[in-house]
Amino acid sequence: MAVAVGIDAGTHTFEIFALEDDKPLLKRTFLTTEVKKNPEIILKALEEINPDIIAGLSGYGLPVKRFSELSDEDITLMTLNFDKAVMGVRKLIDLMRKSDLGKIAWTIPGIIHLPTIPEYRKLNRIDMGTSDKLCSVVLAVYELAKKGIPYDRQNFVLVEAGYGFNAFIAVKCGKVVDGIGGTSGFPAFSSLGTLDGELAYLLRNFPKFMLFSGGIKSWLKDRGIKVDKLEDLPNFAVKWLCEFILKGIRAVSVSLDDYKVVVSGKFFDLFYDEFLEFSGIKAIKLKGFGFAKQSAEGAAIIANGLAGGRFKEIVDWLKIREAKGTVLDYITSDIRRFLNI
């Protein structure tokens, strides 16, 4: 029986989830701070599981490729990171490609790599949703199909809201057609989301860690309210986040007609009822296997599908193998000449 493993590299935690064929086998959870200090703990955990195939740990994503075949340029495109202070994922990817695990580990595309999104929607975009957001979409497609909704009748906005970023992915007739990523959308708990262009002009430099700051947490701190955990948000700030999430849903929903809303992530684990009351939306809470983080479960489904297992049909339907290009392909020439890469 084949063991397929998915990895989610979250802002707060890393999670490893394993499927044995189509059944949950196990999960392992690590604090992101621990992984940054000692990325080898992830490799050790994977070696103990002894999987047949691994998928995930792909950052902004890359068309499906074996880790052992990754070039330095590939890793740069997956992480877009030159800041030594926050290079934990990059170090882990490098360790993975050089280990024996690199032969059975595969990358997952980001939303922007998918051929089902019209190119004009990718105009000067990089983050339309990282690879873990595609994993959550896969899990949602699986769950809705299990409820009896055929792939070609699935129309929904997937919202993923966690400790770091909030993202919104539009799915029409079971295909991903649009997306707003965590760094290109609205403010979240810890991240600022889209940067005002005039603010960008005034900045002397732009370190990578700035993407992880400037959110509701920072706003509260500046006003003397220290909140370190999402669960400790005061009620009024929960409503702020609900408003930003609703704006994200409405922004991406212009690419759809009639649609459902599917939600996942830590925010909805804590404040699902509050969001329903605020928005008036009958959102579906993504449960998946109910075993691990949604994106880790989705990554395991992709791994299973890439190996030709039961979930091959979902991987093929979403055209994951047909993903192509890089996250920089849709930057216009007049903007591209200023890129620091």
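## Val263 and its sheet

In β10, Lys285 is the bridge partner of Val263. The strands involved are β9 (residues 260–264) and β10, which pair in the parallel sense over 2 bridges; strands here are DSSP runs of E with at least two residues, helices are H or I runs of at least four, and both are numbered from the N terminus. Two strands pair if DSSP finds at least two bridges between them.

This is a predicted model, where local features need pLDDT of at least 70, side-chain atom pairs count only at pLDDT 80 or more, and totals for chains, interfaces and linings use all residues. Residues are numbered from 1 along each chain as its sequence is written, and side-chain values use heavy atoms, with hydrogens and water left out.

Now for the whole sheet. It is open, has 5 strands in the order β8-β7-β6-β9-β10, and its pairing is mixed. Which strands stand at the edges? They are β8 (175–180) and β10; each has a single partner strand, so one side of each lacks a neighbour in the sheet.

## Aromatic rings

Rings of Phe, Tyr and Trp (its six-membered ring) pair if their centres lie within 6.5 Å; planes under 30 degrees apart are stacked, over 60 edge-to-face, and the rest tilted. The count comes to 11 aromatic pairs. One of them, Phe17 with Phe291, is tilted, at 5.8 Å centre to centre and 55° between the planes. The two sit 274 residues apart, with Phe17 in strand β2 (residues 13–20) and Phe291 in the loop between β10 (284–285) and α10 (294–306). Phe17 is buried, at 0% relative accessible area, while Phe291 is partly exposed, at 34%.

Phe236 and Trp240 make an edge-to-face pair, 5.2 Å centre to centre with 65° between the planes. They lie 4 residues apart in helix α8 (residues 235–252), so about one helical turn separates them. Phe236 is partly exposed at 38%, and Trp240 is partly exposed too, at 30%.

## Charges over rings

A charge sits over a ring if NZ of Lys or CZ of Arg is within 6 Å of the ring centre and within 35 degrees of the ring normal. The charged end of Lys175 does this over Trp317, 3.8 Å from the ring centre. Likewise, the charged end of Arg223 sits over the ring of Trp219, 3.3 Å from its centre.

Technical notes:
Buried means under 20% relative accessible area, exposed over 50%, partly exposed in between (1.4 Å probe, protein chains only).
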